[in-house]
Amino acid sequence: MADENEQMEVVEEVVEAPASEMSVIDALKLVLKKALVFDGLRRGLHESVKSLDRGDARLCILAKDCDNEEYKKLVQALCAESGVHLILADAGTEIGEWVGLAKLD
């Protein structure tokens with residue numbers, strides 16, 4: 001028999017169901033939504049360049065269909081200088097949907 005002063009430790013094991021594999025795009029959308037909720041998202045060229053210049057940025061997404069080549073070079077150079085990861089998305093409208101700048105029907 002156990003003494004009254006003795007205490008037993010109960011360890012509860014949590015078994016997680018195996019999650020289905022997420023695509024990179026789905027994971028990126030999830031990260032962007034969380035960043036938007038916690039006010040960690042900078043949208044637009046002006047806000048993004050300021051954040052890249054200060055060294056606050058951790059990830060940058062640039063549209064491949066950007067018309068102005070100078071903007072592309074500026075963002076790519078700032079990302080390279082700061083060591084920030086750069087992701088090139090296919091369309092700017094796609095990025096707008098991901099970060100909450102577009103209305104979805």
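This report looks at selected residues, a surface patch and the salt bridges of a predicted model.

**Helix H2**

Helix H2 covers residues 45–54. Ser51 sits in this helix. Its relative accessible area is 7%, so Ser51 is buried, the limit being under 20%. Leaving aside residues up to four places away in sequence, Ser51 touches Arg42, Asp56 and Ala57.

Leu45 also belongs to helix H2. Leu45 is partly exposed, with a relative accessible area of 35%. Together with Tyr71 and Leu74, Leu45 makes a nonpolar surface patch of about 250 Å².

Asp39 lies in the loop between helix H1 (24–37) and H2. Asp39 counts as exposed, at 58% relative accessibility. Most residues other than glycine have a negative phi.

**Salt bridges**

How many salt bridges are there? The count comes to two.

| Pair | Closest N to O distance |
|---|---|
| Arg54 and Asp56 | 2.8 Å |

Lys64 and Asp90 link distant parts of the chain, 26 residues apart. Lys64 is in the loop between strand S1 (59–63) and helix H3 (69–82). Asp90 is in the loop between strand S2 (85–89) and helix H4 (92–98).

Now the accessibility of the partners. Arg54 counts as exposed at 52%, while Asp56 is partly exposed at 47%. Lys64 is partly exposed at 45%, and Asp90 is exposed at 53%.

Definitions and conventions:
Residues are numbered from 1 along each chain as its sequence is written. This is a predicted model: local features need pLDDT of at least 70, side-chain atom pairs count only at pLDDT 80 or more; totals for chains, interfaces and linings use all residues. Side-chain values use heavy atoms; hydrogens and water are left out. Helices (H or I, at least four residues) and strands (E, at least two) are DSSP runs, numbered from the N terminus. Buried means under 20% relative accessible area, exposed over 50%, partly exposed in between (1.4 Å probe, protein chains only). Contact means heavy atoms within 4.5 Å. Patches are made of residues with over 30% relative accessible area and no salt bridge: like charges are joined within 9 Å, nonpolar side chains (Val, Leu, Ile, Met, Phe, Trp, Tyr) within 5 Å. Accessible areas come from the Shrake-Rupley method with a 1.4 Å probe; for residues, only the protein chains shown count as cover. A salt bridge is a side-chain nitrogen of Lys or Arg within 4 Å of a carboxyl oxygen of Asp or Glu.
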